[in-house]
Amino acid sequence: IEYGTEKYITKIGSCNQFTAPVNTGNTQLKVFLNGNLEGKKDIKVVKKQLKKAVYVYMAADNNMQYQAINDLEEMREGTSDCPDTTVIAFVDVQNLSIDNTVVVIENGVYREIEKWDEVNTGDVETFKKFIKRGKELCSSQENSLVIWNHGDGWYNEEITNSRKITKSVAIDETSNDSLNLYEIADGMNSFGEKWNILIFDACLMNTVELIYQLKDSTKSILGSPEETPFAGYDYKELIKYISESSDTKTAAKKIIDNSVEYYNSEKEFACYAYLELGNTQILYDKINSLSLKLISEIEKVKAVKEKLKKEVLTYSSVDGDYTKYTSFTDLKDLLMFFKRENIALSESDEILKELNNMVIYQNYTSYDTSYGLDRTGGVTIYLPLENYYEAYERASLFGKENKWREFIKMLQ
């Protein structure tokens, strides 16, 4: 059977479902028997209005390429019982046949649509090209985006083309590049409408800095303030939850709980939170007010720095030790510390209220909470107690514009 540009072989007497060719418009359906043309019919191909679509930007040009293959198979299995959900993925791996390939997965069928020349997943133009191609391939009422890769919030600075830049996610080892916060927002905004949810399968992405950057790009975020296990999400279940749930909150809760249950059994640290971004500007303004108050009480804050270092929850291990202080500081736990120390009481309460409105659901592994994971608030903020990182001011709008920057510089 030739169906537009697609060719299929089927057994006489069997019943098969074929997917329409990529390009819409007029084409022909041709039927051959033993190589001979038996019949043809003019047909018109139109886009199917799908209920839900999941875009997966799979930046695996690094040490995660074989995990990418496993996750693609889980996605295929996930769609087999979810006829109203389509997965569109761009896969970039090292030295495998699927490298630089656009993939569509629906009804349990995996199709390689087209292969691109070698690309850099850390280049925003590649990100935009994938989103544009996905929109051409699939029309949907509800669109989810998964950014799949290593992540480091906004933090890692490298030298590229003699220009200092900051990085955050979608690391491409071949090109020595990744997407920074400005590029993530730029790429997501090219979609033309807010995404229903952005899911990070990457470490350390639930930061105030990222949330503020993406407030006009997505309605919600599912991610982690902590390092995430290498195996990531169970995509068979993730696709099922997105497809079958009547609302995003329900799907996110199921994804989080499924992951936490698994990593509890594996005895791996894991912590996830689902955020709705409707009050992001209010949160930003409240942090700005807090910063001004802390600046006015800077000596009082400096007097408790060592105590803060010991008591406040931070994320990302140092040489495998999660109890050591890092600058990925849990915002909720920090505010609770300020309240215990009688510092900026009303300002802290105002932000806690907004955090409660933003963090809709969170869960974490409970097999070992010795380093304080049970105090997680789901969102981090940059708080260096020494060695302020100048790139912070270039990394995000929050770092550039909020008075928080002035406070932490004075704290050094």
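## Inside the largest cavity

The largest cavity is lined by K52, E142, S144, N196, I197, I242, S245, S246, D247, T248, A251 and A252. Keep in mind as you explore that this is a predicted model. The points below start with that cavity and then move on to other parts of the chain.

**More on the cavities**

- Rolling a probe the size of a water molecule over the atoms shows where empty space is left.
- The volume of the largest cavity is about 70 Å³.
- Which helix gives the largest share of the lining of the largest cavity? That is helix 6, with three residues.
- Strand 9 (139–148) and helix 6 (248–266) each supply at least two residues of this lining.

**The chain as a whole**

- You can find 14 helices and 19 strands in the protein chain.
- The chain has 412 residues, and 54% of them count as buried.
- Take the contacts between residues at least 6 apart in sequence: 68% of them join residues at least 24 apart.

**The nonpolar cores**

- The largest nonpolar core holds 80 residues, and L383, W404 and F407 are those with the most contacts inside it.
- Helix 7 (residues 280–296) gives the most to this core, namely six residues.
- Another core lies apart from it and has 35 residues, including L72, V91, Y235 and I256.
- Which residues does L383 touch, leaving aside those up to four places away in sequence? Its partners are L308, Y325, T326, S327, T329, L334, W404, F407, I408 and L411.

**A hairpin to trace**

- Strand 7 (residues 101–106) and strand 8 (residues 109–115) pair in the antiparallel sense, over six bridges.
- If you look across from V102, you find E114 of strand 8 standing opposite.
- These two strands form a hairpin with two residues between them.
- In the turn of this hairpin, N107 has a positive phi of about 55°.
- In a regular strand the side chains alternate between the two faces of the sheet.

**Two loop residues with a positive phi**

- L204 is not a glycine, yet its phi is positive, at about 65°.
- You will find L204 in the loop between strand 14 (197–201) and helix 4 (208–213).
- Is L204 buried or exposed? L204 counts as buried because its relative accessibility is 5%, and the cut-off for buried is under 20%.
- A344 is another residue other than glycine with a positive phi, near 50°.
- The loop that holds A344 runs between helix 10 (331–340) and helix 11 (345–358).
- With a relative accessibility of 3%, A344 counts as buried too.

**An exposed lysine**

- K267 sits in the loop between helix 6 and strand 16 (271–276).
- Why does K267 count as exposed? Its relative accessibility is 58%, and exposed means over 50%.
- K267 and D368 are 101 residues apart in sequence, while their C-alpha atoms are 8.2 Å apart in space.

How values were computed:
Residues numbered from 1 in each chain as written. Heavy atoms only, no water. Core = buried A, V, L, I, M, F, W, Y, C linked by side-chain atoms within 4.5 Å. Buried < 20%, exposed > 50% of the residue type's maximum accessible area, 1.4 Å probe, protein only. Helix = DSSP H or I, 4+ residues; strand = E, 2+ residues; numbered from the N terminus. Contact = heavy atoms within 4.5 Å. Pairing = 2+ DSSP bridges. 1 Å grid on protein atoms, 1.4 Å probe; cavity = no way out; pocket = protein on both sides within 12 Å on 5 of 7 lines; lining within 4 Å. Points joined across faces, edges and corners; volume = space filled by probe spheres on them.
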